[in-house]
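This briefing is meant for a reader who is meeting the structure for the first time.

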Amino acid sequence: MSQNPYIDVLINAVLTVLFIIIASFGLGTLARYIAKWAGAPKKQQENTFAGYLFAAPWIVGFLIFVLIPLGYSLYWSFTDYRVTENVPPNWVGLSNYAQLIHDSGFRASIVNTLFLTAIGLPLMIAVALFLAVLLNQKTRGEHVFRMAFYLPVILGFNTAVLLSWRLMLNTGTGIINQLIRAFSNAFPPFSYLNRAVIFIQELISAVFLGISSGKFNLLNRVWAAGLPAANRVPMWVESPLWTKMSVVLLMVWGCGAMMLIFLAGLNNIPRELHDAADVDGANSWQHFWKISFPLLTPFVFYNLVVGLIACLQIFEPIYVLYRDNQPLVPSVISMVYYLWQTSFRNFEIGYGSAISWLILFLILAVTAVQFLIQKRWVNYDLY
Amino acid sequence: MRTTWHITKRIILYIFLTGATVVMCFPLFWMISSSLKTLQETNSPGILLVPAHPTLAAYIDIFHNADFLRSYFNSVFYTTLALIGTLFSIAVVAYAFSRIKWPGRNIVFFLMLSTMMIPSQALLVPQYVFFNKLHWIGSFNPIVIPGFFAGGAAMIFLLRQAMAQIPVELDESAIMDGANHLQIFWEIVLPLVKAPIAIVATFLFVGLWNSLLAPLIYLQTVSLYTLPVYVSTLYNINSAVQPWPTIMTAAVLTTVPLMIVFFIAQRYILEGVVITGLKG
């Protein structure tokens with residue numbers, strides 16, 4: 001192995017390409033022999049060879065990087081395995097999974113994920129839909145607006161952008177709270193709105209924190225304190241009541257991909273339907289709820305499925321903003337963050353495998369449930 | 001009456017759209033603005049939209065920071081290498097799924113689509129052990145090599161949809177002329193799917209450039225860090241004062257390639273080529 005990391009990876013890349021080519025020809029030839037043995041005509045034998053030859057990179061990669069690792073991690077999830085100690089895995093049966101049920105850290109990560117899906121995802125879909133409807137009005141400079149709304153998707157959860165948000169969310173000097181203060185001082189109604197939103201948000205967060213810790217004294221405190229004082233601002237990255245909301249804010253900011261999907265859906269709705277409603281004297285509100293929205297439900301469904309999977313995989317914001325922040329971590333920890341912590345900080349491979357499988361199972365289960373109940377509300381009339 | 005109402009509605013519409021645009025672009029603006037401020041200005045209470053005394057000090061400093069420059073090079077290097085390998089293998093596999101009829105194609109295709117449901121994080125633990133056995137921890141291999149095996153089912157699907165739209169007659173006449181699949185792939189199909197390839201390349205680039213978790217786990221030493229990992233170390237939660245101008249300068253320089261790629265590719269992405277691909 002070369003000492004220079006750049007040359008090392010280049011050599012390995014060339015070796016990998018050679019390996020893939022050899023494996024592809026091997027798989028293609030094998031497939032041709034089987035086709036020949038099965039008595040396929042000459043042309044089909046050639047197609048079998050070519051098909052497996054071209055698909056081989058994926059098939060081989062699937063075996064090496066997906067199927068075999070999944071099998072191993074399933075086995076390890078039933079063992080006590082620490083990669084640092086150089087001892088073989090020791091079979092412990094279901095004890096990892098049993099331990100997970102009583103693990104307060106894991107429980108917190110599930111409850112926090114629930115918050116992101118129950119509060120963040122609907123907000124994200126609503127904002128995406130709202131922006132799509134606005135853009136669908138055929139305005140001047142539509143393309144510039146589209147670009148601006150899609151920009152956050154490209155920037156994504158890049159560390160750089162997350163840190164920019166961290167600066168903006170500072171409780172004392174951050175620009176967001178400065179603007180909230182300025183608006184509150186200028187327009188008293190805004191101040192009341194701000195205080196009401198803070199109160200409701202803290203109540204909801206306190207409920208979720210109560211569920212994850214089993215103790216509801218924080219909820220009682222928030223409730224007893226009543227409507228916050230006039231000069232209160234959100235304590236974004238400093239209070240356990242606000243940490244999850246800061247992640248929700250980031251999610252909503254990145255709703256541009258969902259917006260594009262909704263825009264495609266809106267473009268698909270035949271003009272005649274709206275014309276007919278105009279003849280009947282429908283207003284914009286009725287146009288949206290009686291025509292557009294029912295026909296958009298397949299797109300809402302798509303965004304829900306994709307968004308939920310994304311919610312269950314959140315890692316970067318928690319790592320960049322809250323890593324090592326001991327008092328706050330439990331209030332915001334996500335399942336993937338917890339997986340990272342157990343597997344790659346504590347190197348508990350057996351326990352980490354159990355978490356991996358639980359995450360996988362949750363994603364499959366949630367998606368399956370969504371597909372089962374979609375018949376009740378998704379409207380496929382147009383398709 | 002009707003026209004006044006109509007004009008008012010238009011004005012409200014534009015106010016909303018402009019407001020949303022400002023909100024969406026604000027973090028980027030704030031990043032740039034803060035990178036030009038002094039440390040005092042970034043920590044001062046008060047609304048300072050643009051720095052009172054713009055300074056390039058942070059930029060000059062960061063160009064003397066060897067760790068930052070190396071992590072920049074590392075990011076460019078690993079992204080380029082992984083992008084080439086992934087893009088090429090994805091195109092090859094998409095060709096197999098769209099232009100060749102072979103027994104088992106539907107089963108393999110369905111299998112590939114179902115891997116979209118498997119979160120990459122669920123595979124991290126066993127893959128880590130596997131790479132550890134290969135002595136690949138602390139090298140670029142684990143974040144570059146897996147992509148060479150057509151990593152990214154959604155991207156294969158997107159490209160397959162685009163390739164499937166090319167008329168079959170083109171292949172058939174080429175086969176008449178004695179061309180093999182490799183020639184058809186390279187000389188006929190690839191030139192016809194340039195736009196979808198550009199989109200896939202953009203998505204792959206963005207994914208690789210923004211990637212944090214895998215580089216964090218596998219690279220281990222500062223000399224190998226990619227930008228997201230290195231930039232995250234600049235923000236230390238336990239120190240009282242954060243060097244915000246420095247962090248924001250690093251952030252601006254990190255996002256520059258993303259912006260360039262987005263401006264080049266936005267026409268294809270926003271005009272819904274992707275969505276036609278997804279729907280078909």
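The model shown here is predicted. In chain B, the axes of helix α13 (residues 227-234) and helix α14 (residues 244-270) come within 10 Å and cross at roughly 165°.

**The helix pair in chain B**

- Angles over 145 degrees count as roughly antiparallel, and α13(B) and α14(B) are therefore roughly antiparallel to each other.
- The crossing that α13(B) makes with α14(B) is left-handed.
- On the side of α13(B), the contact is made by Leu227(B), Val231(B) and Leu234(B), while α14(B) contributes Thr246(B), Ile247(B), Ala250(B), Ala251(B) and Thr254(B).
- Sorted by class, the residues of this contact between α13(B) and α14(B) comprise six nonpolar and two polar ones, with no charged residue among them.

**The contact between chain A and chain B**

- Across the interface, 88 residues of chain A are in contact with 84 residues of chain B.
- Helix α2 (residues 42-76) of chain A supplies 20 residues, which is the largest share of the side of chain A that touches chain B.
- That side of chain A is made up of 58 nonpolar, 24 polar and six charged residues.

**The domains of chain A**

- The domain assignment divides chain A into domain 1, which covers 5-76, and domain 2, which is given as 101-171 + 235-377.
- Between the C-alpha centres of domain 1 of chain A and domain 2 of chain A there is a distance of 36 Å.

Notes. Residues numbered from 1 in each chain as written. Chains lettered and ligands numbered in written order. Predicted model: local features only at pLDDT ≥ 70, side-chain atom pairs only at ≥ 80, totals over all residues. Domains from an automatic or database assignment. Contact = placed C-beta atoms within 7 Å. Helix = DSSP H or I, 4+ residues; strand = E, 2+ residues; numbered from the N terminus. Nonpolar A, V, L, I, M, F, W, Y, C, P; charged D, E, K, R; others polar. Axes fitted to C-alpha atoms, helices over the stretch in contact; angles between N-to-C directions. Parallel < 35°, antiparallel > 145°, perpendicular 65-115°, else oblique. Left-handed = near helix turned anticlockwise from the far one by under 90°.
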